[in-house]
Amino acid sequence: MSWVYLIIAGLFEIGWPLGFKLASTYQRYSIAFIGLSVISMALSGVFLYIAQKSIPIGTAYVIWTGVGAAGTLLIGIFFFGDSTGFWRLFFITMIIIGVIGTKIVH
């Protein structure tokens, strides 16, 4: 169950930069989106805390940040028109490989 909590933490880690982006894009609702960002940060931290009770801190942190980074990058590409250049995709692939490798050797 700790791994499920860790993935949930990573998904909430995606939520706070997304909330900030939406706040800057839709300024009329910026307070609401910033509020969602703060809630997402808190939930991300809570689920990371729970997951680290049985997953080593180094492994948990790598996976948490990797899920957050890769997910945020993909949201940027699919919903905000961010660049999809070769090197950008190459390096995010390297992060994903590193996250998977960290889990495998755990």
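In this predicted model, helix α1 and helix α2 cross in a left-handed manner. Helix α2 covers residues 30–51, and its axis lies 7 Å from that of α1, the two packing at an angle of about 160 degrees. Because angles over 145 degrees count as roughly antiparallel, α1 is roughly antiparallel to α2.

Taken along the principal axes, the C-alpha atoms fill a box of roughly 45 × 35 × 15 Å.

Two packed helices are described by the angle between their axes and the distance between the axes.

| Helix pair | Angle between axes | Distance between axes |
|---|---|---|
| α1 and α2 | about 160 degrees | 7 Å |
| α1 and α3 | roughly 40 degrees | within 8 Å |
| α3 and α4 | roughly 150 degrees | within 9 Å |

How do α1 and α3 cross, left-handed or right-handed? The crossing of α1 and α3 is right-handed. Helix α1 spans residues 2–25 and helix α3 spans residues 57–80, and their axes cross at roughly 40 degrees, which makes α1 oblique to α3. Where these two helices meet, α1 contributes residues including W3, L6, I7, G10 and L22, while α3 contributes residues including A60, I63, W64, G68 and F80.

The axes of α3 and α4 cross at roughly 150 degrees, and the two helices are therefore roughly antiparallel to each other. Their contact involves, among others, T59, V62, I63, G66 and I77 of α3, together with R88, L89, I92, V99 and K103 of α4. The crossing of α3 and α4 is left-handed.

Finally, the surface carries a nonpolar patch of about 680 Å², which is made by F86, W87, F90, F91, M94 and I97. One of these residues, I97, is found in helix α4, which covers residues 86–105.

Methods. Residues are numbered from 1 along each chain as its sequence is written. This is a predicted model: local features need pLDDT of at least 70, side-chain atom pairs count only at pLDDT 80 or more; totals for chains, interfaces and linings use all residues. Side-chain values use heavy atoms; hydrogens and water are left out. Patches are made of residues with over 30% relative accessible area and no salt bridge: like charges are joined within 9 Å, nonpolar side chains (Val, Leu, Ile, Met, Phe, Trp, Tyr) within 5 Å. Accessible areas come from the Shrake-Rupley method with a 1.4 Å probe; for residues, only the protein chains shown count as cover. A salt bridge is a side-chain nitrogen of Lys or Arg within 4 Å of a carboxyl oxygen of Asp or Glu. Helices (H or I, at least four residues) and strands (E, at least two) are DSSP runs, numbered from the N terminus. Axes are lines fitted to C-alpha atoms, for helices over the stretch in contact, and angles run from 0 to 180 degrees between N-to-C directions. Angles under 35 degrees count as roughly parallel, over 145 as roughly antiparallel, 65 to 115 as roughly perpendicular and the rest as oblique. A crossing is left-handed if the near helix is turned anticlockwise from the far one by less than a right angle, and right-handed if clockwise. Contact means heavy atoms within 4.5 Å.
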